[in-house]
Amino acid sequence: MEKKGSLVKIETICRSCSGTGIFRSFLEENGVGIVCRDCNGDGKNILEYVPFTGRRRRSDIDVVYAERLILFSDRENLHPISYDAFFNGEKPINHHQ
Ligand SMILES: [Zn+2]
């Protein structure tokens, strides 16, 4: 069983209102604020993310190419590597670069 990272939640300052909870545009009269829609006036957003704890393995891949195979003839020009090699850190060479 692979170890998966667990969800982390942190509070971030609302970028729409710079943490004030108030939205204002040129349409509002002086002294008038509108509740920020992006944070509902709280001034913060909740950022949820899963920390990276190592690349996860797929069970449905055998070989890895550097790019998509558009033409069937690409198969001869683009040399894939095994998924095991990829998983161990190798990268297939992109011959178009
Ligand atoms: Zn806001």
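**Note on the predicted model**

1. Buried residues account for 4% of the 97 residues in the chain. A residue is termed buried if 20 or more other C-beta atoms lie within 10 Å of its own, exposed if 12 or fewer do, and partly exposed in between, with C-beta atoms placed from the backbone. This is a predicted model, in which local features need pLDDT of at least 70 and side-chain atom pairs count only at pLDDT 80 or more, while totals for chains, interfaces and linings use all residues. Residues are numbered from 1 along each chain as its sequence is written.

2. The chain contains two helices and six strands. Their order from the N terminus is β-β-β-β-β-α-β-α. Helices (H or I, at least four residues) and strands (E, at least two) are DSSP runs, numbered from the N terminus.

3. Among contacts between residues at least 6 apart in sequence, 41% join residues at least 24 apart. Two residues are in contact if their C-beta atoms, placed from the backbone, lie within 7 Å.

4. Strand S1 covers residues 8-13; because the number of buried residues among its six is zero, S1 lies largely in the open. S1 pairs with S4 in the antiparallel sense over six bridges; strands pair if DSSP finds at least two bridges between them. Within this pairing, Val8 has Tyr49 of S4 as its bridge partner.

5. Ser18 is located in the loop between S1 and strand S2 (22-23). Its phi is near 55°, a positive value in a residue other than glycine. Ser18 counts as exposed because it has 11 C-beta neighbours inside 10 Å.

6. The loop between S3 and S4 holds Asn40. Although Asn40 is not a glycine, its phi is positive, at about 55°. Asn40 is exposed, since 12 other C-beta atoms lie within 10 Å.

7. Arg37 lies in the loop between strand S3 (34-35) and strand S4 (44-49). With 10 C-beta neighbours inside 10 Å, Arg37 is classed as exposed. The C-alpha atom of Arg37 is separated by 8.6 Å from that of Gly21, and the two residues are 16 residues apart along the chain.

8. Asn77 belongs to helix H1 (residues 74-77). Asn77 is exposed because it has 10 other C-beta atoms within 10 Å. From C-alpha to C-alpha, Asn77 and Asn94 are 9.6 Å apart in space, with a sequence separation of 17 residues.
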